[in-house]
Amino acid sequence: MEAYTTVSGDTFDRIALKLLGSEYLLPVLLRANPKHRLTLIFSAGVVLNIPEPPREEIFAGEPDWLLGDGEAEMMEDNSLEGGVFG
């Protein structure tokens with residue numbers, strides 16, 4: 001585990017992005033620094049523990065609902081045939 005000394009204006013999400021590669025890893029920093037969990041904006045000189053980033057990917061590909069262009073799904077919906085007034 002590494003240490004990081006904050007600069008004035010640092011926030012957990014900015015530190016996560018800068019040091020761990022993603023602001024979505026903020027919970028990892030919070031778990032490693034529980035006594036600072038209520039700090040929104042850091043002053044200069046606070047020493048934080050920086051754990052190794054998780055090895056697994058946060059987002060692997062697109063979610064199922066984003067796959068495809070949507071045209072095939074629209075063609076399968078027969079309730080739209082004939083327009084609104086049938």
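Biologist: Contact means heavy atoms within 4.5 Å; leaving aside its neighbours within four places in sequence, which residues is G9 in contact with?

Modeller: With those neighbours set aside, G9 is in contact with R14, I41 and F42. Before going on, please keep in mind that this is a predicted model, where local features need pLDDT of at least 70 and side-chain atom pairs count only at pLDDT 80 or more, while totals for chains, interfaces and linings use all residues. Residues are numbered from 1 along each chain as its sequence is written, and side-chain values use heavy atoms, with hydrogens and water left out.

Biologist: Where is G9 found, and is it buried or exposed, or in between?

Modeller: G9 is in the loop between β1 (2–5) and α1, where helices (H or I, at least four residues) and strands (E, at least two) are DSSP runs numbered from the N terminus. G9 counts as partly exposed because its relative accessibility is 26%; buried means under 20% relative accessible area and exposed over 50%, with partly exposed in between, using a 1.4 Å probe and protein chains only. The C-alpha atoms of G9 and L40 are 9.2 Å apart in space, although the two are 31 residues apart in sequence.

Biologist: And T11, what does that one touch, beyond residues up to four places away?

Modeller: T11 is in the loop between β1 and α1 as well, and it touches L40, I41 and F42 once residues up to four places away are not counted. T11 counts as buried, because its relative accessibility is 13%.

Biologist: Let me step back. What pattern does the chain follow along the sequence?

Modeller: The protein chain has 3 helices and 2 strands, and reading along the sequence gives β-α-α-β-α. Of its 86 residues, 23% count as buried. Among contacts with a separation of 6 or more, 60% are between residues 24 or more positions apart.

Biologist: How do β1 and β2 run?

Modeller: They run antiparallel, joined by 4 bridges; two strands pair if DSSP finds at least two bridges between them. Y4 has L48 as its bridge partner in β2.

Biologist: Which residues make up the largest nonpolar core?

Modeller: There are 12 residues in all: Y4, F12, I15, A16, L20, L25, V28, L29, F42, V46, L48 and I50. A nonpolar core is a set of buried Ala, Val, Leu, Ile, Met, Phe, Trp, Tyr and Cys residues joined through side-chain atoms within 4.5 Å. At least two residues of this core come from each of α1 (12–20), α2 (26–32) and β2 (47–50), and α1 gives the largest share, 4 residues. In soluble globular proteins, nonpolar side chains tend to be buried together.

Biologist: Which residues are buried in α1?

Modeller: In α1, F12, I15, A16 and L20 are buried. These residues lie on the same side of α1, because they cover an arc of only 100° around the axis, the arc being that of the directions from the helix axis to the C-beta atoms. The buried residues of α1 pack against β1, α2 and β2, whereas R14 and K18, on the other side of α1, are exposed. After α1 comes G21, whose phi is positive, near 95°.

Biologist: How many aromatic pairs are there?

Modeller: The count is 1 aromatic pair, where rings of Phe, Tyr and Trp (its six-membered ring) pair if their centres lie within 6.5 Å, and planes under 30 degrees apart count as stacked, over 60 as edge-to-face and the rest as tilted. F12 and F42 form an edge-to-face pair, 5.0 Å centre to centre with 80° between the planes. This pair links distant parts of the chain, with F12 in helix α1 and F42 in the loop between α2 and β2, 30 residues apart. Both F12 and F42 are buried.

Biologist: Last one: what does P53 touch, not counting residues up to four places away?

Modeller: P53 touches L20 and L25, and P53 lies in the loop between β2 and α3 (71–76). P53 counts as partly exposed because its relative accessibility is 35%. From P53 to L29, 24 residues apart along the chain, the C-alpha atoms are separated by 9.4 Å.

Technical notes:
Contact = heavy atoms within 4.5 Å.
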